[in-house]
Amino acid sequence: MHLDIPTLTLVSLLMGIGASIGFTSLMTVLHTQVVLRIWVAGIWISTLGVILIGLRNHIPDLLSIVVGNGLLVSSNMLTLKGISVHLGLPLRLRWPAALVVAYCFCMAWFAYVTPNLGARLLAGSLQAMAFNFAYAYLLLRFSEPAIRISCRIAAAVMICNGTFYMLRAFVPLDPNSSQDIMLAGTPVAATYVIGILTGLASYFALLQLITERLMVDLRQAAHTDGLTGLLNRSAIVAEGRASLERCLQREQPFALLIFDLDHFKQINDRWGHDAGDAVLRHVTTILREVTDWPGSLAARYGGEEFVLALPGADHGQGLAVAERLRQALAYSHARIGSQDIPVTASIGVAMARPGVRFEQLVRQADEAMYRTKFDGRNGVSSAEMDDLRLAEAGDSRC
């Protein structure tokens with residue numbers, strides 16, 4: 001079978017156009033995905049580069065060799081940027097941009113000053129190898145646990161690509177090729193076939209990265225409150241049940257706090273619902289700063305009511321966290337524009353007992369919280385203290 005480089009270049013071009021259209025269509029649906037926009041730009045730039053390289057002998061060499069290859073390496077730079085954004089890394093483009101400039105200079109040098117097709121192919125292979133290994137390093141080194149599967153698969157694909165380009169650097173050229181890549185010979189043509197396959201694998205790897213990230217985001221959205229980012233009511237019940245069960249099985253204590261913001265309706269009535277939302281976000285920030293407990297679960301239970309579960313915390317530790325939270329809220333003000341809005345909370349604390357269900361624990365803490373409101377708000381009450389009062393009342397009647 002004869003491998004024709006111009007034909008393979010056309011196949012590669014058609015594949016690039018198809019991928020560009022496909023990713024662009026996906027971007028129109030997932031328009032909030034910044035990573036996808038970066039990768040779409042990179043794929044279109046790569047496709048334009050393949051077009052210019054495929055027009056060799058029909059357009060000036062400056063466009064075909066220098067600009068075409070420059071676009072390909074620029075596409076690699078954007079892929080790297082997209083992966084870094086996907087992983088939440090603050091990647092600066094200085095060194096990739098420097099590599100792009102150096103590569104274009106190299107292409108121009110070996111096209112005009114010292115014409116050498118072999119050197120150009122070597123440079124192209126080395127830059128592709130370097131970028132693919134860089135992709136794999138980032139994916140393996142900085143992947144979050146939630147998206148680790150897709151990152152590992154993509155990294156494996158990139159390692160295979162990098163290895164392929166490393167081996168391609170040693171592929172011999174046809175002695176009669178002169179400086180025309182289209183006449184480089186069957187061994188080089190064979191690398192085009194492998195390159196088409198590795199390109200397809202890379203597109204699928206990027207799609208898998210996006211898909212798993214979307215699945216993680218959807219699961220998170222289903223379990224979190226949109227305003228505060230805390231767990232929502234259904235999520236705290238589900239995760240609270242599991243956490244409580246583990247503590248009871250291990251005979252460990254479990255404390256539950258419920259707190260409600262005092263006079264929150266007045267805040268909405270006086271400053272508006274936007275101010276109310278700002279107060280809720282402020283409370284969330286304070287809650288996260290104050291709560292430093294392993295395995296803790298924090299949720300917006302509804303309206304201005306919050307729940308905090310502390311697995312492993314005994315009665316004294318639960319009360320200490322509640323008091324620390326109460327003081328932090330009382331001594332901090334939510335700032336809305338130039339206006340400071342005071343915020344206080346009424347807190348109830350309940351301790352798990354053998355056989356108790358999470359919903360029962362919530363009710364106990366809720367009853368203690370309402371005792372705090374009855375006693376004047378901005379305080380902490382314990383369901384344990386309520387039980388003690390009832391016991392003392394019973395003893396006095398005896």
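Helices are DSSP runs of H or I with at least four residues, numbered from the N terminus. The model used in these exercises is predicted.

**Exercise 1.** Find the helix that holds L62, and decide whether L62 is buried, partly exposed or exposed.

*Solution.* Start with the helix. L62 is found in α3. Next, take its relative accessible area, which is 46%. Buried means under 20% and exposed means over 50%. L62 is therefore partly exposed, at 46%.

**Exercise 2.** Describe the nonpolar surface patch that includes L62, and state which elements supply two or more of its residues.

*Solution.* List the members: L62, L63, V67, F105, W109, Y112 and V113. Together they have about 670 Å² of accessible area. Now assign the elements. Those giving two or more residues are α3 (61–86) and α4 (94–113). The most comes from α4, with four residues.

**Exercise 3.** State how many cavities of 30 Å³ or more the whole structure has, then describe the largest cavity.

*Solution.* The search finds two. The largest cavity holds about 1100 Å³ of space. Its lining counts 43 residues, and S46, V50, L72, Y165 and R168 lie nearest the centre. Helices that give two or more residues to this lining include α1 (5–29), α2 (34–54) and α7 (186–223). The largest share, nine residues, is from α7. Sort the lining by class: 20 nonpolar, 20 polar and three charged residues.

**Exercise 4.** Give the volume and lining of the second largest cavity.

*Solution.* The volume is about 30 Å³. Q33, V35, H86, I210 and R213 line this cavity. By class, two are nonpolar, two polar and one charged.

How values were computed: Residues are numbered from 1 along each chain as its sequence is written. This is a predicted model: local features need pLDDT of at least 70, side-chain atom pairs count only at pLDDT 80 or more; totals for chains, interfaces and linings use all residues. Side-chain values use heavy atoms; hydrogens and water are left out. Patches are made of residues with over 30% relative accessible area and no salt bridge: like charges are joined within 9 Å, nonpolar side chains (Val, Leu, Ile, Met, Phe, Trp, Tyr) within 5 Å. Accessible areas come from the Shrake-Rupley method with a 1.4 Å probe; for residues, only the protein chains shown count as cover. A salt bridge is a side-chain nitrogen of Lys or Arg within 4 Å of a carboxyl oxygen of Asp or Glu. Buried means under 20% relative accessible area, exposed over 50%, partly exposed in between (1.4 Å probe, protein chains only). On a 1 Å grid over the protein atoms alone, a cavity is a set of points where a 1.4 Å probe fits but cannot get out, and a pocket is an open set with protein on both sides within 12 Å along at least five of seven lines; lining residues have an atom within 4 Å of a point. Grid points are joined across faces, edges and corners, and a volume is the space filled by probe spheres set on the points. Ala, Val, Leu, Ile, Met, Phe, Trp, Tyr, Cys and Pro count as nonpolar, Asp, Glu, Lys and Arg as charged, and the others, Gly among them, as polar.
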